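Dear colleague,

Please find below the structure I promised to hand over. A summary of the findings follows it.

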Amino acid sequence: MGIVSPGFHGRRRRSDVKLPPGQYLTEDFPVLSAGPTPRVGTDAWEFVVTTETGTRHRWSWAEFRALPAETPTVDIHCVTKWSKLATTWTGVSLDTLLADVETTADYALARSYGGYTTNLPLQDLVDGQAWLAYRFDDEDLAAEHGGPVRLLVPHLYFWKSAKWIQGLDLLTEDEPGFWETAGYHDYGDPWLEQRYQGD
Ligand SMILES: Nc1nc2c(c(=O)[nH]1)N[C@H]1C(S)=C(S)[C@@H](COP(=O)(O)O)O[C@H]1N2
Ligand SMILES: [Mo]
């Protein structure tokens with residue numbers, strides 16, 4: 001009779017299970033932008049949350065930077081199949097920004113300077129899952145990576161992490177954004193490989 005340790009199912013290494021299906025690891029930080037890089041000065045920068053009733057909540061750069069910041073270390077996964085593990089950012093949690101926003105909306109449309117949009121369920125932006133990030137790797141966020149401020153929602157494919165974020169529209173009905181209108185998945189869970197509509 002052999003001895004079998006409970007729970008032992010072979011030599012699957014930890015490094016194999018940290019990557020979603022179909023992804024490969026990169027040490028670089030590729031730049032993926034659908035258009036030119038908007039240059040947004042912090043003097044003119046603002047972040048605006050507009051609720052389903054039309055109420056606007058606005059933060060200037062100074063007001064935004066006065067909010068408590070967090071320094072999450074997260075894995076990011078691009079739909080073009082690169083993943084980057086343990087990236088460190090500094091930013092303000094959406095929990096902080098949405099704390100005083102009264103809404104019954106279920107959806108959000110992120111809007112960027114330059115016109116990019118992407119949609120997410122509002123519940124994917126709260127409970128410690130999303131930030132407005134302004135530093136990467138202890139440096140101010142470079143313009144090509146979305147500086148001065150980008151959305152960071154690491155549990156979804158990286159196209160949901162809108163660079164040069166300007167605002168969020170809170171909506172009672174889902175409204176597809178730029179890539180979602182072009183055939184990409186509405187939700188985009190990398191662990192379920194939700195790359196395109198129908199996946
Ligand atoms: N405003 C804006 N945000 C964007 C994009 C874009 O083209 N414009 N591209 C998305 C895609 S497809 C990816 S993979 C990531 C790329 O971020 P990076 O250029 O910092 O790697 O940004 C996302 N956010
Ligand atoms: Mo992407």
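How many residues surround ligand 1, and which are the closest? In this predicted model, the ligand 1 shell holds 20 residues, and the closest are Pro30, Ala34, His145, Arg150 and Lys163. By class, the shell comprises 13 nonpolar, 4 polar and 3 charged residues. As to its location, ligand 1 sits in the largest pocket.

Several polar contacts of the ligand may be of use to you. A polar backbone atom of Pro30 is 2.5 Å from an oxygen atom of ligand 1. Nitrogen atoms of the ligand also take part: one is 3.4 Å from an N or O atom in the side chain of Ser112, and a nitrogen atom of ligand 1 lies 3.1 Å from a backbone N or O atom of Ser161. Of the 530 Å² of accessible area that ligand 1 has on its own, the protein covers 97%.

With regard to annotation, the unreviewed UniProt entry assigns "domain: Oxidoreductase molybdopterin-binding" to residues 35-179. This span is 39% strand and 8% helix, and its end C-alpha atoms are 13 Å apart.

Most peptide bonds are trans, and most residues other than glycine have a negative phi. Gly147 and Pro148, however, are joined by a cis peptide bond with omega of about 15°; Pro148 belongs to the loop between β9 (139-140) and β10 (150-152). Ala86, in strand β5 (residues 82-93), has a positive phi, near 55°.

Yours sincerely

Note on methods:
Residues numbered from 1 in each chain as written. Chains lettered and ligands numbered in written order. Predicted model: local features only at pLDDT ≥ 70, side-chain atom pairs only at ≥ 80, totals over all residues. Heavy atoms only, no water. UniProt positions renumbered as here; feature names shortened; annotations may be inferred. Helix = DSSP H or I, 4+ residues; strand = E, 2+ residues; numbered from the N terminus. Near = heavy atom within 4 Å. Polar contact = N/O pair within 3.5 Å; in protein donor to acceptor, adjacent residues only side chain to side chain. Areas by Shrake-Rupley, 256 points an atom, 1.4 Å probe, with all protein chains shown as cover. 1 Å grid on protein atoms, 1.4 Å probe; cavity = no way out; pocket = protein on both sides within 12 Å on 5 of 7 lines; lining within 4 Å. Sits in = over half its atoms within 2 Å of the grid points. Nonpolar A, V, L, I, M, F, W, Y, C, P; charged D, E, K, R; others polar.
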